[in-house]
Amino acid sequence: MEKINPEVLELWPELDWISDPELRNKTAMTWHKALEKSVLEAGDLKRIPFTLLCGPDLKVSFMNHKRAVVHIARESGLKMNEIFGEVLPVNMDVLISGAILADVGKLLEYELDENGQTIQGTYGKYPRHPFSGVSLAESCGIPAEVCHIIAAHAGEGDMIKRSTEAYIVHHADFMTFLPFKSLNTTVNSS
Ligand SMILES: [Fe+2]
């Protein structure tokens, strides 16, 4: 296997939360491949807004949003395991890997315009990142239960039966996205 770009490990200290070294390595490798294919550099992810759907003034960076999703998903999984115990076990490795990878396909969705600004490219319009994310992840040997989280994290996942871990990531993602969208709508309509 290729040596992982150290920038991936710097972007994602949360990889250390994955206890299985093989899954941790495959998760890191998926981000490595996405960065290789992307017009974006690792540093851009700390600067560009996490979505193009909340107007030009959004202050939350791509990386801060992804990190929030991973942290909220982990805390939720730990609490659910603590309270529901054996009734509804959450696989923490699957959950954390899936949360780290949910938006990895977004790296292929961006293009840079002539001013160096990020815009949505055709990849974002057509396959969208749940599909491109699964494709990247499978090429790195990511197991099916984690690919399921990537596939089901966004609106496309409303059409399929989500696993417990996929529900957690889906809600962690949307609870940290929809309020910004509402805020923007309110500002624009007032
Ligand atoms: Fe997403």
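**Exercise 1. Work out which residues Ser61 touches in this predicted model, leaving out residues up to four places away in sequence, and decide whether Ser61 is buried or exposed.**

Solution. 
- Start with the location: Ser61 sits in the loop between H2 and H3.
- Next, list the neighbours. Skipping residues up to four places away in sequence, Ser61 touches Leu45, Lys46, Arg47, Ile48, Pro49 and Phe50.
- Now the accessibility. Ser61 comes out at 6% relative accessibility, and the cut-off for buried is under 20%, so Ser61 counts as buried.

**Exercise 2. Find the donors of the iron ion and describe how they are spaced along the chain.**

Solution. 
- Look around the metal first: the iron ion is coordinated by Asp103 through OD, and by His129 and His153 through NE2. The distances run from 2.0 to 2.2 Å.
- Along the chain, these donors give the pattern D-x25-H-x23-H.
- Then place two of them on the fold. Asp103 is in the loop between helix H4 (92-101) and strand S1 (110-112), while His129 belongs to helix H6 (residues 128-139), so this pair ties together parts that are 26 residues apart in sequence.
- Finish with burial: Asp103 and His129 are both buried.

**Exercise 3. Describe how H3 packs against H8.**

Solution. 
- What do we need? Two packed helices are described by the angle between their axes and the distance between the axes.
- For helix H3 (residues 62-84) and helix H8 (residues 164-175), the angle is about 135° and the axes are 9 Å apart.
- That angle makes H3 oblique to H8, and the crossing is right-handed.
- From H3, the contact uses His65, Val69, Ile72, Ala73, Ser76, Gly77 and Met80. H8 brings Thr164, Ile168, Val169, Ala172, Asp173 and Met175.
- Sort the residues of this contact by class and you get eight nonpolar, four polar and one charged.

Methods
Residues numbered from 1 in each chain as written. Predicted model: local features only at pLDDT ≥ 70, side-chain atom pairs only at ≥ 80, totals over all residues. Heavy atoms only, no water. Donors = N, O, S within 2.8 Å, 3.2 Å for Na, K, Ca; no water. Helix = DSSP H or I, 4+ residues; strand = E, 2+ residues; numbered from the N terminus. Buried < 20%, exposed > 50% of the residue type's maximum accessible area, 1.4 Å probe, protein only. Axes fitted to C-alpha atoms, helices over the stretch in contact; angles between N-to-C directions. Parallel < 35°, antiparallel > 145°, perpendicular 65-115°, else oblique. Left-handed = near helix turned anticlockwise from the far one by under 90°. Contact = heavy atoms within 4.5 Å. Nonpolar A, V, L, I, M, F, W, Y, C, P; charged D, E, K, R; others polar.
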